[in-house]
Amino acid sequence: MLLENTPVPVITIDGPGGAGKGTVSSRLAEKLGWHFLDSGAIYRAFAFIAVATYTPFEETSLLPLVKQLTLRFISDSSDNKLKILWEQRDITEDIRTEESGRLASRLGAYPKVREALLNYQRAFRQTPGLVADGRDMGTVVFPDAQLKIFLFASLEERAKRRYLQLKARGERVSLDAVRIELEQRDNQDKQRSTAPLKAAEDAFMIDTTHLSVRDVLQRILDKLQVS
C-alpha cells in the first residue's frame, strides 16, 4: 500500500457538488478503516446554527460563533450514514437542504471564518488515517496529504444526481432549478479570493460523468495498490 509507514496518512477528495465525492469518500474510509471528514457538513452545520441562533451573516458576527462551535459526528452502522449532532439535536437532515448549501457557500467566502475552521478540520487527522472530503482539502486544509483526488463531472450529470437525491428526500425541486443552483455555486466557489475550488497541482483527476461509485472507488484503490 502506498501510504504504509506514513505517520497519520491523509487522502483528500475534492470536487464540485454532485461529482460523487461524498459517497466515494465515506466508502473509501470504510474500506480502509480510517476516519472520515465531511468538511461540507461542517460548513452546512455552521450555516444552520447561524440561522438557528439568529446570527447575522457578517464576518464579525460569525467569528465568535465559530469559536464556540461544538458538533458531534457519529457513525450509524445501521444505515452507513454519518449523524451530526448539535447540542444533542440531530441536524443531519436539516443541513442537507439546498438552502443550507447556499448559506454554506456564503460562509465559505469569508476568509477569517475559513481560517477559524482550519484547526477544527485538522483535528480529524487521527490514526490510523483520514479520508477528507471537500473543496479545498488538498489545496489548503491538508496540503501535505499523501494522496490527493479531484473528482469532476459534467454539469448536466451532476445536476441529475443532485435532483434525484433531493427528490428521494421528498423535496419539490425542478431539474432546471438544481442545475442553475449548482452552476451558481460552482462560480462562487471558484471565484472566491480565499481557498477557491480547484484541483491541487499533484491531484489524481477522475471524471465521474460516466462512472459508477464502484468504478471510481476501484480507481482510487488501484492507485493505492489496495485489493
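Biologist: Are Arg158 and Asp186 buried or exposed?

Modeller: Arg158 is buried, and Asp186 is buried as well; "buried" stands for under 20% relative accessible area, "exposed" for over 50%, and "partly exposed" for what lies in between, with a 1.4 Å probe and protein chains only. This is a predicted model, in which local features need pLDDT of at least 70 and side-chain atom pairs count only at pLDDT 80 or more, while totals for chains, interfaces and linings use all residues. Residues are numbered from 1 along each chain as its sequence is written, and side-chain values use heavy atoms, with hydrogens and water left out.

Biologist: What does Arg158 form with Asp186?

Modeller: Arg158 and Asp186 form a salt bridge, with their closest N and O atoms 2.6 Å apart; the term covers a side-chain nitrogen of Lys or Arg within 4 Å of a carboxyl oxygen of Asp or Glu. Because Arg158 sits in helix α7 (residues 155-168) and Asp186 in helix α8, the pair ties together parts that are 28 residues apart in sequence. Helices (H or I, at least four residues) and strands (E, at least two) are DSSP runs, numbered from the N terminus.

Biologist: How many salt bridges are there in the whole structure?

Modeller: The search finds 13. One of these joins Asp189 to Arg135, where the closest N and O atoms are 2.7 Å apart. That pair links distant parts of the chain, since Asp189 is in α8 (residues 175-191) and Arg135 is in the loop between β6 (130-134) and α6 (137-141), 54 residues apart. Both Asp189 and Arg135 are buried.

Biologist: And which network of salt bridges does Arg135 belong to?

Modeller: Arg135 is linked with Arg185, Asp189 and Arg192 in a network of salt bridges.

Biologist: Switching to the greasy parts, how many residues are in the largest nonpolar core?

Modeller: The largest nonpolar core has 35 residues, and those with the most contacts inside it are Leu37, Phe46, Leu71, Ile91, Leu117 and Phe142. Such a core is a set of buried Ala, Val, Leu, Ile, Met, Phe, Trp, Tyr and Cys residues joined through side-chain atoms within 4.5 Å. The elements that give two or more residues to this core are α2 (39-52), α3 (59-67), β4 (81-86), α4 (98-108), α5 (111-122), β6 and α6, and α2 gives the most, with nine residues.

Biologist: What does Phe46 touch?

Modeller: Not counting residues up to four places away in sequence, Phe46 touches Leu62, Leu65, Val66, Leu69, Leu107, Val113 and Leu117, where contact means heavy atoms within 4.5 Å. There is also a second, separate core of 20 residues, which includes Ile149, Ile206, Leu221 and Leu224.

Biologist: I also keep looking at Gly101; where is that?

Modeller: Gly101 is in helix α4 and is buried, with a relative accessible area of 6%. Leaving aside neighbours within four places in sequence, Gly101 is in contact with Arg44 and Arg185, and the C-alpha atoms of Gly101 and Glu181 are separated by 9.5 Å although these residues are 80 apart along the chain.

Biologist: Which peptide bond is cis?

Modeller: The bond from Thr127 to Pro128 is cis, with omega near 5°, and Pro128 is found in the loop between α5 and β6. On the backbone theme, Val8 has a positive phi of about 40° although it is not a glycine; Val8 is in the segment before β1 (10-14) and counts as partly exposed at 22% relative accessibility. Ala195 likewise has a positive phi, about 50°, without being a glycine; Ala195 is in the loop between α8 and β8 and counts as buried at 11%. As background, most residues other than glycine have a negative phi, and most peptide bonds are trans.
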